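Hello,

Here is the structure we talked about handing over.

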Amino acid sequence: MSNSILNSKFNLGFFPTPLQALNNLSKKYEGYQLFIKRDDHTGLASGGNKTRKLEYLIQDALDQGCDTILTAGAQQSNHCRQTAAACAIAGLECHLLLGGTEPKQFDGNLLLSHLLGAQIHFTGDNRKGEDLENIKSALESKGKKCYVIPYGGSNLTGALGFVNAVGELKQQLQTENLQLDYIFFASSSGGMQAGLMLGIELFELNIELIPISIDKEEINGQSIQEIVLRLVKEGAKLLELKKDFQLQDIPLNCNYDQDGYGNVTEKERFAIKELAQNEGIILDPVYTGRAFYGMLDCLKNHQLKPNAKVLFWHSGGFPATFYYGNQLK
Ligand SMILES: *Cc1c(COP(=O)(O)O)cnc(C)c1O
């Protein structure tokens, strides 16, 4: 049953993504064994966690006979850049609604979205997809068959990508004969988190998720936990899971989002340099830099059980590094 649901996807990336040990940092943060899951290497126009969601969303759009995709995000949205790449592969027209006004110079993800052929609409203060329905109506009046992907690709269809990802991880853990205690990751629009929570139930893994909140702002009046709860309840029905999720079952560590979305501080700079200079792996300044700082802070303060095996799920974001260059020096 759930297998046929998880098989209905359009191939967009390189899977499984590598699972690696962080040997140097494991020595430095004594008492823990650290690992990383490399979704920064999904292969879709530099990779990232949206590739997994888009495999299910693009398949759904094709199944519905749509020829045009609309989605929304920030100007440096990794989701929008990967959506533009997915549309190029699938032969779909792509419209991106990006907050703010058109900048003089395009760089980072915005530049890539442009190169990938997306039609870009700058939506001013409407930063989280408020204008999607208006632009959709305008395109439909021109005869387009539109498919709207919500902010961050975070509906249940998109979240299936991370249900499937847990199955992928389970196989890697079996092959490596490894058992994890914790998974840290950056949580923002909630789709990755909902998918991981559902996947852990479906594949019966005993691992604690520690999502690090990135953005303290709500999305259309809902908190991340409310969004995740709605998705996991819907997902539990679809996947025929027994678990009846409640709000208190939705983990979220909000200790690191106080500086606001996209504001790079010494914490993100420290985390980025720590992973880069010990392991040769680059984090992004908005999502994974913040989440990795949160993980290191929990390790330093011994908030995890002793000798724990800890995975950081790298969700991508590489192109934004160059946009934020001045704040990373
Ligand atoms: C979108 C994104 C996230 C957050 O994923 P959500 O499913 O929106 O919570 C984390 N890291 C990166 C690099 C992202 O682009």
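Below are some notes on one helix and on the aromatic rings.

This is a predicted model, in which local features need pLDDT of at least 70 and side-chain atom pairs count only at pLDDT 80 or more, while totals for chains, interfaces and linings use all residues. Residues are numbered from 1 along each chain as its sequence is written, and side-chain values use heavy atoms, with hydrogens and water left out.

Let's start with helix α4, residues 78–90 (helices are DSSP runs of H or I, at least four residues, and strands are runs of E, at least two, numbered from the N terminus). Because 11 of its 13 residues are buried, α4 is largely enclosed by the rest of the structure (buried means under 20% relative accessible area, exposed over 50%, partly exposed in between, with a 1.4 Å probe and protein chains only). Among the buried ones are His-79, Cys-80 and Arg-81. Gly-91, with a positive phi near 75°, follows α4.

Now the rings: there are 8 aromatic pairs in the structure (ring centres of Phe, Tyr or Trp, the last by its six-membered ring, within 6.5 Å; planes under 30 degrees apart are stacked, over 60 edge-to-face, the rest tilted). Phe-292 and Phe-312 have centres 5.0 Å apart and planes at 90°, so this pair is edge-to-face. Phe-292 sits in helix α11 and Phe-312 in strand β9, so the pair ties together parts 20 residues apart in sequence. Phe-292 is buried at 0% relative accessible area, and Phe-312 counts as buried at 0% too. One aromatic cluster is formed by Tyr-256, Phe-270 and Tyr-293.

Best wishes

Technical notes. The expected span of a helix is 1.5 Å times one less than its number of residues.
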